[in-house]
Amino acid sequence: MSQIEVRNVVKTFKDVHAVKGISLSIEPGEFVALLGPNGAGKTTLVEMMEGLQKPDSGEILIEGKNWKKHEKDLRKSIGLSLQETRFSEKLTIIETLQLFASFFNLGKERINEVITLTGLESKTKAMVGTLSGGQRQRLALAVALLNNPRTLFLDEPTTGLDPHSRLDLWNILDGLKKKGNTTLILTTHYMEEAETLCDHIIIIDEGKILREGRLKDLLDDKSRNLEELFINLTGKKLSDDDLIEQTK
Amino acid sequence: MKSIAHKQLFQLLRAFCLEMLREPEVLFWGIVFPVLISIGLGLAFTQSAEAKFHILIVESKPTAVDSLLSLYGHEGKHKGQPAIIWETNDKALGKTQFDFTHSDWESAIISLKRGEADLVIADTPDGLRYRFDPHNSQAQLVYMKLSALLQSPASHDADTNIAVEPLELKGVRYIDFLIPGLITFGIMGSIMWGVSYTIIERRSQKLLRRMVATPMRKSSFLIALMGMRTLMNIVEALILFLFAYLIFDIRIQGNIAALALLFLAGNLAFAGIAILVSSRTSKTEVGTGLINAVQMPMMLLSGIFFSYHNFPEWSISAIKLLPLTAFTDGVRSIFNEGAGWEEILIPTIALSALGLLCFAIGMKRFKWH
């Protein structure tokens, strides 16, 4: 059974066709990148998989269960970090984790594990309002990992981070990949992130899947990397300027 | 303790309390400000009875009023301007002071509009005329006092008015009327802003979105928010009562347990209304408008500062149906009339039912993101 099955999903906002009949299948333990420029429909698609938005038509199954009938079970088995995950600025890291742990009926032990995993040991008593962008993303990841999710959704987890913070997060996710218990769906518009972390890459633009497959299967002589592949597919660039600078 | 610490309701309540305690402004506006207001209003309305009125005289030539003023008045100042002061003493009603100043008609009208003067005495071909807004009760009072004084100035000497016997029983003073109203009004404000606005703000900042993507019970979130406000309201009401007790000797004459139950019912009613009001919008501007739309009519009509029996007869029965009116009347009856279970049964049931109904509708309509 696939970990995630998306069947002909459509989502429209007023006049905008955000997702135009996407189907895909993700196997257990896979690390999958949804790659596309801003406005491609990645977040809408991933939020429908997370059960935060309802598709206009089509079906989404996580471990064979749909959101309508199994929301309670699915909420317990997935972890997620939203594109703009916000936490109360007046709580400390430990208090935020205690709060979210209580929703899963988890105790101190698991809180300490995710703190160690995300390298937040020295910051547990810091108020969320005082954290840097990278620390906030690590907290968002720590919250997402609290319940040992079998399916983890991360929506642009490194957007806006400096290269050092981005690398920190990649290392944490790489460690998770090596354990092999989690299926990751990561949206990004950074090719390097997709190449480094994911085995399965799905390229999306204008609400449709343009190509998908393993990295080595997607590339050839005409498309030596994902940037070239994207230009060949759409005639436009994928990355923003700051990443091009960093990857040079 | 371990199991309690893991309970989401406890953790939510704890988180809301911590957030509130870490906002000193919230503590000031929630606790210190109502106490200051009650002290200010209490002192303003319980000072020794000394009434001071400003009368403008508009005349083309000296009149009888000037003759009386030269006899009974003395020269003085009114807000820095030369005036003639006429004071009368009454053992029961205290001192009354009329400050007379001369003016022309146009300036007199401006002073009336600004509320700087209470009444104008104008010299007309038909004699002296009192000019004031007959719907202004303060002006009416000045007219009655002044006309009586001008008709028989000599009879207003000290100790002549023996018909008035001051009633100073506990529960009949203005401050006894005011404090229960301030407590209930404070509860309404604290819940409407503390629950409604907090929800709308969290929704607009997408804080709710992350929480609802967990197995968190949605009712736990709202109950914890309501619980935190109720706790704060208990503290606020106790502090306010303590000050009123120490400064104004306010007493609770009725059943304290009944008061506690009614207090919880009032909190429940406004918490339910607050959830309903904030169930959909994510715009703080819209939220502010909705909160004001709920609060303002009750603030004006429910008899917080002055009795609603001053409103037209036909409106009284509608005013009594407002939750703040029912709550305030109930609390006042326990404070001042010695009411107990029997008297507060109906308002308690009505307020609780309203709160639960609004909560249920609010939960059904609630937009989490």
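Predicted model: local features only at pLDDT ≥ 70, side-chain atom pairs only at ≥ 80, totals over all residues.

Residues are numbered from 1 along each chain as its sequence is written, while chains are lettered from A and ligands numbered from 1 in the order in which they are written.

**Exercise 1.** Work out which strands of the chain A sheet stand at the edges.

*Solution.* Start with the strand order: the open sheet of three strands reads E2-E1-E4 in chain A, with antiparallel pairing. Strand E2 (16-26) and strand E4 (57-62) of chain A each have a single partner strand, so one side of each is left without a neighbour in the sheet. From one strand to the next, the twist averages 20 degrees. Strands here are DSSP runs of E, at least two residues, and helices are runs of H or I, at least four, numbered from the N terminus; strands pair if DSSP finds at least two bridges between them.

Next, look at strand E1 (residues 4-13) of chain A: eight bridges join E1 to E2(A), and the two run antiparallel. For one of the residues, Ile4(A), the bridge partner in E2(A) is Ile26(A).

**Exercise 2.** Describe how H9(B) and H10(B) pack.

*Solution.* Two packed helices are described by the angle between their axes and the distance between the axes. For helix H9 (residues 218-248) and helix H10 (residues 256-277) of chain B, that's about 135 degrees and 10 Å. Axes are lines fitted to C-alpha atoms, for helices over the stretch in contact, with angles from 0 to 180 degrees between N-to-C directions.

That angle makes H9(B) oblique to H10(B) (under 35 degrees is roughly parallel, over 145 roughly antiparallel, 65 to 115 roughly perpendicular, the rest oblique).

Now the side chains: among the H9(B) residues that meet H10(B) are Leu222(B) and Met226(B), and the H10(B) residues include Phe263(B). Contact means C-beta atoms, placed from the backbone, within 7 Å.

**Exercise 3.** Find which helix gives the most to the side of chain A that touches chain B.

*Solution.* Begin with the totals: 22 residues of chain A are in contact with 20 residues of chain B. Helix H2 (67-77) and helix H3 (93-103) of chain A each supply at least two residues of that side of chain A. H3(A) gives the most, with six residues.

**Exercise 4.** Locate the domains of chain B.

*Solution.* Domain 1 covers 2-44 + 169-365, and domain 2 covers 49-156; the bounds come from an automatic or database domain assignment. Their C-alpha centres lie 44 Å apart.

Technical notes:
Contact = placed C-beta atoms within 7 Å.
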